[in-house]
Amino acid sequence: MDDDKSLQPETEDETPTEPAPQSSDEALYCEAEVPQTVRKVKPDRENSETDLEIEDNEKLFTTGQKELYLEACKLVGVVPVSYFIRNMEESYVNLNHHGLGPRGTKAIAIALVSNTTVTKLELEDNGITEEGILSLVEMLQENYYLQEMNISNNQLGLEGARIISDFLETNTSSVWSLELSGNDFEEESAALLCQVLSSNYRIKKLDLSHNQFSDVGGEHLGQMLANNVGLTSLDLSWNHFHTRGTVALCNGLRGNVTLTKLDLSMNGLGNEGALALGEVLRLNSCLVYLDVSSNDISNEGASKISKGLESNESLKVLKLFLNPISVDGALSLILSIKRNPKSRMEVLDISNVLVSEQFMKTLDGVYAVHPQLDVVFKGVQGPSAKNTISLLTNPMKLIQSYADQHKITVEDFFKSLNPTGTMKMSVGDFQKVMIEVRWVLWPQAACERRNASLESAFRKAQQPNPWADHSKPPCHCDHLPPL
């Protein structure tokens, strides 16, 4: 065989031969895969031809990663991205908003076929279309190092969904996190994706937010969740689910044993959808995080969700922000948590709800049973609007007030959050910090208001204020006389 002959060392009598010229349509990634003395052997199961391959087995793999990318750019006729050249040996590459287009994406894909360092790739908002996604899928059939990929907002449409579905059906990729937000996916796309995801066990995190799924899409997703045993995180926010789609989705969630995080915010679930969610919370023992913010859920819906919370033993975070819930609905939620001794709830977000002093007294009792719980609300409504203490202050104002109180700079505050010096932390951890900051400052704010009233009263009576010292932070009101 010619291949076997090419592996034999040349003798002195043999005349070196020039390799056959490559056509301009062939990619060059193979030249960078392994050292000179090694030839890439493609497994039988990967024998399909793609336009990212080079068919000349006489080529040796000598081209470096940078040179390979530059050659690929020449091949497809695009300007190289300097950021990619500088970071192609890093584990994380962010190429969001770089205007790559399908040809620029193909050049990136050619370079990544033999790349072993990039594990997370961001390609959001690059107009890659179905042509670009085809290049990426062909690359992923060869690259087993890439694990997380963001291809949101790339106008993929139905044809893009079909290409991705065909790829996921193989169940061979190392990719476990896939972001497909804002790609104009409609009901037919939902059907294609859900059909393959029903049996796919490799994708763990999936973002399908900001698409055009409605009730039919919800039915497809519900059937998928009933069978899927891989997904742990699913983002379906900013779609068009209403009652029928939500009920179908919840039917699938009842028996799901892997999904721990679900985002359904910015849809149209309503109170009937809340009823279905309450049933899910009663039966499902895996869901840890549920976001149903801005879903037209009123006190009636909150009451239905509360019934599920009374017996749920897994949920830790429930977000109900921007729903038309009043203090009565908020009370039903916290009382259901109090009645459940096995509740693991840590965060209840009702941060648009203005609560009452009676609510605060009830909440103290809930905290006594579940000290790990944080209830985030807008503020406490006193006897008059002037006595309302708002908890939705500008975050930077909160941080500045905290820094002033502790006589530190804002920079020192942020450094204290992460002693390692990386200046990075998760959104969830930062939210917990802000909750702590708010609660530190709240007594001080109340004290300042009360002392201002005292000062005004004594000034009108032309008498000195004997409690003037209490205006200095830190200050608590327990020992001050009632107004």
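A residue is called buried when its relative accessible area is under 20%, exposed when that value is over 50%, and partly exposed in between, with a 1.4 Å probe and protein chains only. By this definition Cys 73 is buried, with a relative accessible area of 2%, and Cys 286 counts as buried at 18%. The structure holds zero disulfides, a disulfide being a pair of cysteine sulfur atoms within 2.5 Å.

The model is a predicted one, in which local features need pLDDT of at least 70 and side-chain atom pairs count only at pLDDT 80 or more, while totals for chains, interfaces and linings use all residues. Residues are numbered from 1 along each chain as its sequence is written, and side-chain values use heavy atoms, with hydrogens and water left out.

A nonpolar core is a set of buried Ala, Val, Leu, Ile, Met, Phe, Trp, Tyr and Cys residues joined through side-chain atoms within 4.5 Å. The largest such core has 98 residues, and those that touch the most other members are Phe 84, Ile 151, Leu 318, Leu 320, Leu 348, Ile 350 and Phe 359. Helix H4 (residues 101-112) gives this core its largest share, six residues; helices (H or I, at least four residues) and strands (E, at least two) are DSSP runs numbered from the N terminus. If neighbours within four places in sequence are left aside, the contacts (heavy atoms within 4.5 Å) of Ile 350 include Leu 320, Phe 359 and Phe 377.

Val 280, which is found in helix H10 (residues 270-283), is buried with a relative accessible area of 1%. Leaving aside its neighbours within four places in sequence, Val 280 is in contact with Cys 250, Leu 253 and Arg 254.

Seven salt bridges are found in the whole structure, each a side-chain nitrogen of Lys or Arg within 4 Å of a carboxyl oxygen of Asp or Glu. Glu 159 and Arg 162 form one of them, with their closest N and O atoms 3.0 Å apart, and because these residues are three apart in helix H6 (residues 157-169), about one helical turn separates them. Arg 244 forms a salt bridge with Glu 219, at 2.6 Å between the closest N and O atoms. Arg 244 lies in helix H9 (residues 243-254) and Glu 219 in helix H8 (residues 215-227), so this pair ties together parts that are 25 residues apart in sequence. Finally, Glu 272, Glu 300 and Lys 304 are linked in a network of salt bridges.
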